[in-house]
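Please go through the model below from its overall fold to single residues. The text starts with the terms and then follows the chain.

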Amino acid sequence: HHCLFTMNYADTPVQLVTHQNINILVFDGLFFSLAPLSIPMCIIVVAQNSIIFQNFYKDRNSLVAELFMGIAISDILQAQGNMVLAVTGILVHLKMVDIGVLFNSLYYYMATAVPGFSCSKFFNLVMTLSLTIKIVTPFNRFNTLC
């Protein structure tokens with residue numbers, strides 16, 4: 001039986017569970033629950049995009065290679081921001097650090113992962129447009145080849 005308040009009939013007043021306390025519990029548990037999925041995926045994304053960046057760095061003079069490198073760097077930024085958030089979520093849940101560290105890691109996430117996500121979408125859009133132009137006008141000199 002769960003209730004929203006507890007009452008001690010001695011001389012202690014009623015202690016209410018506030019919305020803020022519930023939000024912190026949900027917030028803390030959410031990041032802890034997603035961490036076992038997030039961390040391995042982030043490691044795979046960083047490794048995969050490092051290989052992609054290294055592969056296209058050799059031919060960096062073409063537009064498509066530069067766009068693939070931009071996408072790879074953007075995805076690495078996004079993955080490392082997610083990884084920091086997941087590791088911090090575990091540390092907070094295990095009570096190794098205060099919940100404030102998790103809130104501060106959200107600032108780091110917003111400074112790295114969110115721009116990484118937006119830049120990745122932008123680079124994908126530019127690559128799609130450039131390859132579409134290349135397909136529509138195949139005889140124009142437009143350096144999109146890898």
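Helices here are DSSP runs of H or I with at least four residues, strands are DSSP runs of E with at least two, and both are numbered from the N terminus. The model is predicted, so local features need pLDDT of at least 70 and side-chain atom pairs count only at pLDDT 80 or more, while totals for chains, interfaces and linings use all residues. Residues are numbered from 1 along each chain as its sequence is written, and side-chain values use heavy atoms, with hydrogens and water left out.

By that assignment the protein chain holds 3 helices and 2 strands. Read from the N terminus, the order is β-β-α-α-α. Burial is given by relative accessible area: under 20% is buried, over 50% is exposed and the range in between is partly exposed, with a 1.4 Å probe and protein chains only. The protein chain has 146 residues, and 25% of them count as buried. Its accessible surface is about 10,300 Å², with 69% belonging to carbon and sulfur atoms; such areas come from the Shrake-Rupley method with a 1.4 Å probe, and for residues only the protein chains shown count as cover. A contact means heavy atoms within 4.5 Å. Of the contacts in the protein chain between residues at least 6 apart in sequence, 67% join residues at least 24 apart.

Next come the aromatic rings. Rings of Phe, Tyr and Trp (the six-membered ring for Trp) pair if their centres lie within 6.5 Å; planes under 30 degrees apart count as stacked, over 60 as edge-to-face and the rest as tilted. The whole structure has 3 aromatic pairs. One of them is stacked and joins phenylalanine 56 to phenylalanine 68, at 4.6 Å centre to centre with 15° between the planes. Phenylalanine 56 counts as buried because its relative accessible area is 15%, whereas phenylalanine 68, at 27%, is partly exposed. Another ring, that of tyrosine 57, has the charged end of arginine 60 over it, 4.1 Å from the ring centre. The criterion for this is NZ of Lys or CZ of Arg within 6 Å of the ring centre and within 35 degrees of the ring normal.

Helix α2 can be followed through several of its residues. Isoleucine 76 is in this helix. Its C-alpha is 8.6 Å from that of alanine 47, 29 residues away in sequence. Apart from neighbours within four places in sequence, isoleucine 76 is in contact with Val46, Asn49 and Ser50.

Glycine 81 also lies in helix α2. Is glycine 81 buried or exposed? Its relative accessible area is 1%, so it counts as buried. Not counting residues up to four places away, glycine 81 touches Tyr108, Tyr109, Thr112 and Ala113.

Threonine 88 is another residue of helix α2, and its relative accessible area of 10% makes it buried. Outside four places in sequence, threonine 88 has contacts with Val101, Leu102 and Ser105. On helix α3, phenylalanine 103 is partly exposed at 34%. Phenylalanine 103 and leucine 85 are 18 residues apart in sequence, and their C-alpha atoms are 9.3 Å apart.

Leucine 91 is in helix α2 as well, and its 30% relative accessibility counts as partly exposed. Beyond four places in sequence, leucine 91 touches Met96 and Val97. From phenylalanine 32, 59 residues away in sequence, leucine 91 is separated by 8.5 Å, C-alpha to C-alpha. Phenylalanine 32 is in helix α1 and is partly exposed at 31%. Together with Leu94 and Met96, Phe32 makes a nonpolar surface patch of about 300 Å². Patches consist of residues with over 30% relative accessible area and no salt bridge; like charges are joined within 9 Å, and nonpolar side chains (Val, Leu, Ile, Met, Phe, Trp, Tyr) within 5 Å. A salt bridge is a side-chain nitrogen of Lys or Arg within 4 Å of a carboxyl oxygen of Asp or Glu.

The last stop is lysine 95, in the loop between α2 and α3 (99-136). Lysine 95 is exposed, at 67% relative accessibility. Although not a glycine, lysine 95 has a positive phi of about 60°. Most residues other than glycine have a negative phi.
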